[in-house]
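Dear colleague,

Please find below the structure that I am handing over to you. My notes on what was found in it follow directly after.

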Amino acid sequence: MADFYLDDDDWKQINAKILGELNEYLTRVMDCTKYIPYLRSKLVLDVDDYEEIMGEKTRRKRTAEFLKIFEKKDKEHSKKLNFLIEAVGRDYTMTGMRDKIMDCFTKTRDKYLDENRREAGRR
């Protein structure tokens, strides 16, 4: 079986699936304001994004807006989800959320690899 290499487009598809799958869960449990400073330091979010997110009244609405902006940014850059995982991983009070993201990441990546290996084997 040949190795299968994931390029930026592959990672963008995987990340979009993960964010879509976890959107409802993250909106319910995440306080995105904890992670915004880290993501701004990594140039994932800018001042306009911050103001748009903080303009929302409730934690859930802020998180929903954050995820909407983040998903849009993730389509432009394949490594943005890695920074979110790092930010959540630094928050020792949210290990359950980190584990759920990592579990979804692993399952989605492995499923994507299996599908593409099978497809490459048919050629």
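**Findings**

Asn116 is a residue of helix H6. With a relative accessibility of 16%, Asn116 counts as buried, since the threshold for that class is under 20%. Its side chain reaches the backbone oxygen of Tyr112 at 2.8 Å. Please bear in mind throughout that this is a predicted model.

**Overall architecture**

The chain contains six helices and zero strands, so that the order of elements from the N terminus reads α-α-α-α-α-α. Of its 123 residues, 38% are buried. Among contacts between residues at least 6 apart in sequence, 72% join residues at least 24 apart.

In soluble globular proteins, nonpolar side chains tend to be buried together. In this model, the largest nonpolar core has 33 residues, and those with the most contacts inside it are Met30, Leu39, Phe66 and Met97. Two or more residues are contributed by each of H1, helix H2 (36-41), H4, helix H5 (80-89) and H6. The largest share, seven residues, comes from H1.

Which residues does Met97 contact, leaving aside its neighbours within four places in sequence? They are Tyr25, Leu26, Val29, Met30, Tyr35 and Val88.

**Aromatic pairs**

A pair of aromatic rings is described by the distance of the centres and the angle of the planes. Searching the whole structure gives two aromatic pairs. One is formed by Trp11 and Phe105, which are stacked, with 5.9 Å from centre to centre and 5° between the planes. Because Trp11 lies in helix H1 (residues 8-29) and Phe105 in helix H6 (residues 95-122), this pair ties together parts that are 94 residues apart in sequence. Phe105 counts as buried, at 10% relative accessibility.

The pair of Phe66 and Phe70 is also stacked, at 5.5 Å centre to centre and with 25° between the planes. Both residues belong to helix H4 (residues 59-76), where they are four residues apart, about one turn of the helix. Phe66 has a relative accessibility of 0% and counts as buried; Phe70 counts as buried as well, at 0%. Phe66 was named above among the residues with the most contacts inside the largest nonpolar core.

**Charges over rings**

Two cases concern a charged end and an aromatic ring. The charged end of Lys100 sits over the ring of Tyr25, 4.7 Å from its centre. Tyr25 is also one of the residues in contact with Met97. The charged end of Arg40 sits over the ring of Tyr50, and here the distance to the ring centre is 5.4 Å.

**A backbone feature in a loop**

Most residues other than glycine have a negative phi. What is the phi of Leu43? Leu43 has a positive value of about 65°, although it is not a glycine. Leu43 is located in the loop between H2 and helix H3 (47-54). Is the residue buried or exposed? Leu43 is exposed, its relative accessible area being 70%, and the cut-off for that class is over 50%.

With kind regards

Notes:
Residues numbered from 1 in each chain as written. Predicted model: local features only at pLDDT ≥ 70, side-chain atom pairs only at ≥ 80, totals over all residues. Heavy atoms only, no water. Phe/Tyr/Trp six-rings, centres within 6.5 Å; stacked < 30°, edge-to-face > 60°. Buried < 20%, exposed > 50% of the residue type's maximum accessible area, 1.4 Å probe, protein only. Lys NZ or Arg CZ within 6 Å of the ring centre and 35° of its normal. Polar contact = N/O pair within 3.5 Å; in protein donor to acceptor, adjacent residues only side chain to side chain. Core = buried A, V, L, I, M, F, W, Y, C linked by side-chain atoms within 4.5 Å. Contact = heavy atoms within 4.5 Å.
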